[in-house]
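Subject: Structure for your files, with notes

Hello,

Here is the structure I said I would pass on. My notes on it follow below.

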Amino acid sequence: MFKTGFRALLSLLLVLGIASSLSAQTKKKDQKDPLEAKRAESFLTQSGLLQKPDEMMKNWLLARIDEKQLEWDARYEKVKTDEDIAEYQKERIDYFLQQLGVMWSKKDPLNAKITGKIEKNGYRVEKILFESTPNFYVTGTLFLPLESKFKAPYPGVLVVCGHSFNGKGSDLYQRVCALGAINGLAMFIIDPIDQGERFQHMGANGKPTLSTVPAHNVVGGGSILLGRNTATFEIWDMMRGIDYLQSRSDIIPDKIGATGNSGGGTQTAYIMALDPRVQAAAPACYICNLFDNLMYIQGPQDAEQNIFGQIGFGMDHADYCIMRAPRPTMLCTASKDFFNIEDAWKSFRFAKRIYSRMGYGERMSLIETDENHGFTLRLREGSVRWLCRWLAGRDQAIFEDPAMEVLTDEEIRSISESSVIYLPKAKTTYDLNRDLAKDLAAKRKNLWKSITPEKARDMIRKTAGIRPLADIPQAKKLDRSAPNFKSDLILETDKEIYLPVRSNVKSGAKTITLFISDSGRRSAKADKLFADKDSVFAVDLRGWGETQAVGRKYYLYKWFGTDGSDYYMAYLLGKSYVGMRTEDLLSVARYLKETYNAKIELEAEGYAGTVALHAAIAEPDLFKKITIDESALPGWNTVVEQSPIAVPITDFIHGVLNYYDICDLTAFIKK
């Protein structure tokens with residue numbers, strides 16, 4: 001009763017505009033990294049500077065995520081009837097598919113081949129190679145029951161790998177496959193991209209130079225610009241893997257299941273939510289939620305685990321289960337997992353309640369083992385038992401024999417080459433993205449031939465997420481000074497967004513040079529401007545200069561910059577850094593005009609040029625002129641063409657190449 005009332009109170013406070021600060025004081029008090037302590041560290045000190053400016057954006061984004069959690073809770077509680085559930089499911093399935101971007105318009109022939117066969121004690125295997133789209137090769141292994149023990153046809157289970165370097169060759173993943181085959185299931189395990197036999201970055205020595213999580217993140221970079229995701233490729237591979245199972249006469253086509261651990265748990269969650277052919281599912285060591293420990297403690301995970309705007313829209317982990325209700329689903333969890341166990345139970349309860357409302361409560365289950373993260377013994381046994389119950393109609397205790405044989409890395413290989421990219425005419429994810437980029441370039445060319453300036457401006461605003469100037473908060477000068485730099489001041493352009501400023505502007509100035517740089521207000525170019533001009537106003541837009549985050553190296557600094565974790569939090573909220581920084585810049589420019597009644601000359605250095613272009617197009621009347629170095633901006637289409645390429649990820653806008661490129665913006669300015 002207390003919790004329900006408390007949630008209602010928070011909802012009311014959100015309406016009143018003060019829920020953010022109250023939420024900061026009330027949630028996650030039992031964690032090692034309390035929210036209120038983290039937020040307090042980012043408040044302005046008495047001296048006027050941020051105490052930990054590099055955490056400003058993280059804390060601001062977490063406050064927005066808190067607000068979205070309240071919205072998700074409120075929306076969930078309205079889902080009562082079968083009709084409500086059907087509507088809720090459709091909303092999320094449609095949204096999910098939209099956010100994955102362009103897949104492939106038709107299913108081409110799989111051109112599947114059995115490249116080898118092996119029999120082990122208790123099961124047999126067939127090595128498989130197929131094309132999920134022409135010349136995009138997928139390697140897999142089909143673990144089959146012995147015909148002497150189980151007669152075909154068999155239920156088929158798609159098994160997807162976590163982030164193991166050797167992919168399907170991982171001992172733990174092989175064991176769940178062998179256990180399933182020994183108990184009458186056909187278990188088809190496939191390599192994800194950049195694992196096992198599907199590496200895309202190979203050195204001169206024939207060995208991979210980039211693999212698993214880092215490689216998936218690099219794929220994600222260029223994919224974002226096209227409105228795709230690393231998950232787009234994984235989901236298509238899984239759908240085609242199910243096509244392969246259903247193409248075989250020894251598989252029962254309407255008895256298909258799915259399981260996988262960690263990154264494979266993510267993939268299982270996705271395919272079970274989106275593909276109605278998956279009758280029973282058991283995702284392991286992934287499902288928790290996007291609001292609590294994952295964001296506050298771990299931070300966003302790899303590229304395929306971040307679907308654009310899903311927090312902003314309201315698609316949480318529990319929804320992956322709800323979207324498939326009432327088909328049987330079991331969460332395989334671990335007490336000591338970094339995917340927090342309490343958050344897993346929370347999502348389970350949300351899903352279980354929906355299943356129960358539909359009258360199928362027994363079809364939503366959870367197993368917890370006292371282990372760390374991984375497809376450990378009890379989870380393997382539990383998942384196979386669950387799949388046998390719902391696919392084969394056999395509910396029996398299943399135990400794994402410690403002496404069970406698995407294949408060596410060499411035995412499980414489907415090809416003799418070190419990677420599928422060495423097969424004839426083989427394509428990579430980068431090639432597939434280049435194919436799409438070429439199509440989009442032709443469409444953009446036609447679009448920009450006929451579009452009016454007004455429609456172009458509206459399209460650019462909408463794509464980047466830039467509000468009209470009247471809707472952007474007024475910049476406020478804080479009544480504090482920075483003791484280290486007498487000329488410095490601080491502007492607040494949004495609630496708890498503080499922009500450090502370096503200024504030599506004096507009262508009565510007729511023209512002001514407003515300078516922005518991805519290197520901050522104290523770059524060498526800024527120094528030169530201050531030496532040469534009398535009225536310069538250099539500002540660190542959010543996430544640059546003092547407020548540049550130096551987060552986890554998980555996203556590879558050399559590829560993306562140091563703030564990948566913050567970028568993906570904004571990405572999950574459906575926000576672009578380009579859009580947010582553009583709004584900061586517009587707010588600052590308006591402040592200068594209103595304070596000094598002066599003309600503004602905007603000058604941008606490096607990737608700040610992207611922001612300057614958007615600001616000049618969004619509100620052209622604010623600026624007398626803009627100066628950027630076009631050579632510093634390679635163009636987003638060029639990024640895709642040259643991928644993999646190192647570019648700060650905060651310069652990326654989701655799906656932007658469906659509408660415009662940097663060259664379109666510069667041409668617009670010059671008209």
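In which strand is Glu 603 found? Glu 603 belongs to strand β17, residues 599-605. Helices (H or I, at least four residues) and strands (E, at least two) are DSSP runs, numbered from the N terminus.

Before the rest, two notes on the source. This is a predicted model, in which local features need pLDDT of at least 70 and side-chain atom pairs count only at pLDDT 80 or more, while totals for chains, interfaces and linings use all residues. Residues are numbered from 1 along each chain as its sequence is written, and side-chain values use heavy atoms, with hydrogens and water left out.

Contact here means heavy atoms within 4.5 Å. Leaving aside neighbours within four places in sequence, Glu 603 is in contact with Thr 513, Leu 514, Phe 515, Ile 516, Lys 525, Leu 529, Lys 533 and Thr 627.

Ala 282 lies in strand β9, residues 278-284, and is buried at 0% relative accessibility. Among the residues that Ala 282 touches, not counting those up to four places away in sequence, are Ala 258, Thr 268, Met 330, Cys 332, Ser 383 and Trp 386. Gly 101 is 181 residues from Ala 282 in sequence, and their C-alpha atoms are 26 Å apart in space.

Helices

Helix α7 covers residues 212-226. The expected span of a helix is 1.5 Å times one less than its number of residues. Of the 15 residues of α7, 14 are buried, so the helix is largely enclosed by the rest of the structure. Gly 227 follows α7 and has a positive phi, near 85 degrees.

Helix α4 (residues 56-76) has 21 residues and reaches 31 Å from its first C-alpha to its last, close to the expected 30 Å. With 15 of its 21 residues buried, α4 is also largely enclosed by the rest of the structure.

Helix α6 (residues 171-182) packs with helix α14 (residues 377-392) at an angle of about 35 degrees, their axes 10 Å apart. Axes are lines fitted to C-alpha atoms, for helices over the stretch in contact, and angles run from 0 to 180 degrees between N-to-C directions. The residues that meet are Leu 172, Arg 175, Val 176, Leu 179 and Gly 180 in α6, and Arg 380, Glu 381, Ser 383 and Val 384 in α14.

Salt bridges

A salt bridge is a side-chain nitrogen of Lys or Arg within 4 Å of a carboxyl oxygen of Asp or Glu. The whole structure has 41 of them. Arg 277 and Asp 275 form one, at 2.8 Å from N to O, and Asp 275 is buried at 5% relative accessible area. A network of salt bridges links Lys 107, Arg 240, Asp 243, Asp 275 and Arg 277.

Asp 395 and Arg 389 are joined at 3.3 Å, N to O. Asp 395 is partly exposed at 46% relative accessibility, and Arg 389 is partly exposed at 28%.

Lys 528 and Asp 532 pair at 2.8 Å, N to O. Both Lys 528 and Asp 532 are exposed. They are four residues apart in helix α17 (residues 524-532), which means that about one helical turn separates them.

Backbone points to check

A cis peptide bond joins Ala 325 and Pro 326, with omega about 10 degrees; Pro 326 is in the loop between α12 (317-322) and β10 (329-334). Another cis peptide bond joins Ser 643 and Pro 644, with omega about 0 degrees. Pro 644 is in the loop between α22 (636-642) and α23 (662-670).

Asn 111 is not a glycine but has a positive phi, near 50 degrees. It lies in the loop between α5 (82-100) and β1 (113-120) and is partly exposed, at 43% relative accessible area. Asp 194, also not a glycine, has a positive phi of about 65 degrees. Asp 194 sits in the loop between β5 (186-190) and β6 (201-202) and is buried at 0% relative accessible area.

Regards

Key: Buried means under 20% relative accessible area, exposed over 50%, partly exposed in between (1.4 Å probe, protein chains only).
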